[in-house]
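Please keep the sequence and the three-dimensional view at hand while reading.

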Amino acid sequence: MAKPTAAAWMARALELARRGLYTTAPNPRVGCVLVKNHRLVGEGWHERAGEPHAEVHALRMAGDAARRATAYVTLEPCSHQGRTGPCAVALIEAGVKKVVMAMTDPNPQVAGRGIAMMREAGVEVEVGLLEEEARALNPGFISRMTRHRPFVRLKMAMSLDGRTAMESGESQWITGPHAREDVQRLRARSSVILTGVDSVIFDNSRLTVRATRLGVDNAEAIATRQPLRVVVDTQLRLPLAAACLREPGRTLVVTVPGHDPHRRTRLEEAGAEVLVVPAGEHGRVELHALLRYLAEQELANEVLLETGATLAGAMLDAELVDEMQLFVAPTLLGGEARPLFALPGLTRMAQQRPLEILDIRAVGRDWRITARPERRQE
C-alpha cells in the first residue's frame, strides 16, 4: 500500500480546518496533522476564538508521540501570546522535528516570526504546500490583515431577466428552498450581514442564521454565534418594530453626522446600537470608513452583503465587492420590476463593469453564479 504523500497530509489538515468554517472568527480557520513514521499520531483544528489552536489539539492527541514527528499546518503557527499561548513554542517544546505549513501568517507585523522561532530552535520548516487552497479557506482573515478591511461577498437573488423584486418591493420568494439554504451557509460563515435600510423596510428580514438548515453537527454552537447585523441608514429610518431588532445578537445602525438625536435615542431604546461615520458622496455613509471600522474593531473577517440595488451598486462602484454569489431563478418578473444594481452614469459600452465567472452550478431549481468583479484600470 502506498504511503500518504505530504500533499495528502496537508489536504487532511485543510479538511480539518474547514470544520471551523462557521465558528472561528475573528481568528483564521486552521488545521494541523502530526505524522510520525508515515502514521497519523495527532490532529486537530481551531474550533472557536479564545479556545486552543489547531496545533494544541493535535499535540494533546499525540502526547509523547509528537517527539520527532512532522507537523502539517495550514497556517504559520503563531509566535505571540494572545488569549492562548504561542503555538510555535508549543511545537518546539513538544520536540517536533519538522513543520510543513501551507502559508505564512498574513499579518505583516508577525509574518515569519513563527518560522524564525522554530528554525532557531532547530526545527526544519517548509512553506507553500497547497498554499492556494489554504488562502481560499481564509479570504476574510487575509483581507483584514493585508487590506485593513473585511472580505465582502455580495449575495443577490434575481429572475432570469435580472430583476430582484416587483416594483412594489415584494421579493419573497424569487428562489427556491435549496437556494435559501445555501444563503444560510453564506450567513453562517460571515461575521457581519450588511444591508441597507430600504431592504429592511421592504423585507423585514430577521437577518439571522437558522443553524438547523446547515446540516452540520455543531448547529447548536453556531446558533449562539449570530452575525452582527449592520444596517446602513443615513436618515435613521429603520422601523422601531423591525424584526432584526428583536432577534438574538447585535444590530448596528450606521448613520452620518447631523441625524435626528431623538430618533437615535428611540432606536437605541428599541435595541439598536448606533454608529456615526463620516459622510461620503451625496451625504451618504462613507463605505470605506465603515469597512475600516469593522476591521479595526475585529468585528468582521467576512461580510455578507444582502441588500437592494442602491447599496449594492454603491459598494460595487466603490470597488468594495470581492465576490458575488448570484442566485438566478427560472422565472421572469418583467420590465417594471426592480433591477439588480443601481449604477447611474453608465452611458457607453466602455463604462461597462466586467465580471470574471468563477463557477456556475445548479442549486435545486435555481442556478448559482460565483463571480469576481474585475478592477477598473487606472
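Leaving aside neighbours within four places in sequence, Ser199 is in contact with Asn204, Thr307 and Gly308. In this predicted model, Ser199 lies in helix H8, which covers residues 197–203. Its relative accessible area is 16%; because values under 20% count as buried, Ser199 is classed as buried.

We turn next to an annotated group of residues. An unreviewed UniProt entry lists His53, Cys78 and Cys87 under "binding site". These residues span 35 positions in sequence, yet no two of their C-alpha atoms are more than 9.2 Å apart, so they gather at one spot. His53 is placed in the loop between strand S2 (39–45) and H2, and it is buried, with a relative accessible area of 19%. Cys78 belongs to the loop between strand S3 (70–73) and H3, and it too counts as buried, at 11% relative accessibility. When residues up to four places away in sequence are not counted, Cys78 touches His53, Gly85, Pro86, Cys87 and Ala88.

Helix H2 (residues 54–62) packs against helix H3 (residues 87–94) at an angle of about 20°, and their axes are 9 Å apart. Because angles under 35 degrees count as roughly parallel, H2 is described as roughly parallel to H3. The crossing of the two helices is left-handed.

Methods: Residues are numbered from 1 along each chain as its sequence is written. This is a predicted model: local features need pLDDT of at least 70, side-chain atom pairs count only at pLDDT 80 or more; totals for chains, interfaces and linings use all residues. Side-chain values use heavy atoms; hydrogens and water are left out. Axes are lines fitted to C-alpha atoms, for helices over the stretch in contact, and angles run from 0 to 180 degrees between N-to-C directions. Helices (H or I, at least four residues) and strands (E, at least two) are DSSP runs, numbered from the N terminus. Angles under 35 degrees count as roughly parallel, over 145 as roughly antiparallel, 65 to 115 as roughly perpendicular and the rest as oblique. A crossing is left-handed if the near helix is turned anticlockwise from the far one by less than a right angle, and right-handed if clockwise. Buried means under 20% relative accessible area, exposed over 50%, partly exposed in between (1.4 Å probe, protein chains only). Contact means heavy atoms within 4.5 Å. UniProt positions are given in the numbering used here, feature names are shortened, and annotations may be inferred rather than shown by experiment.
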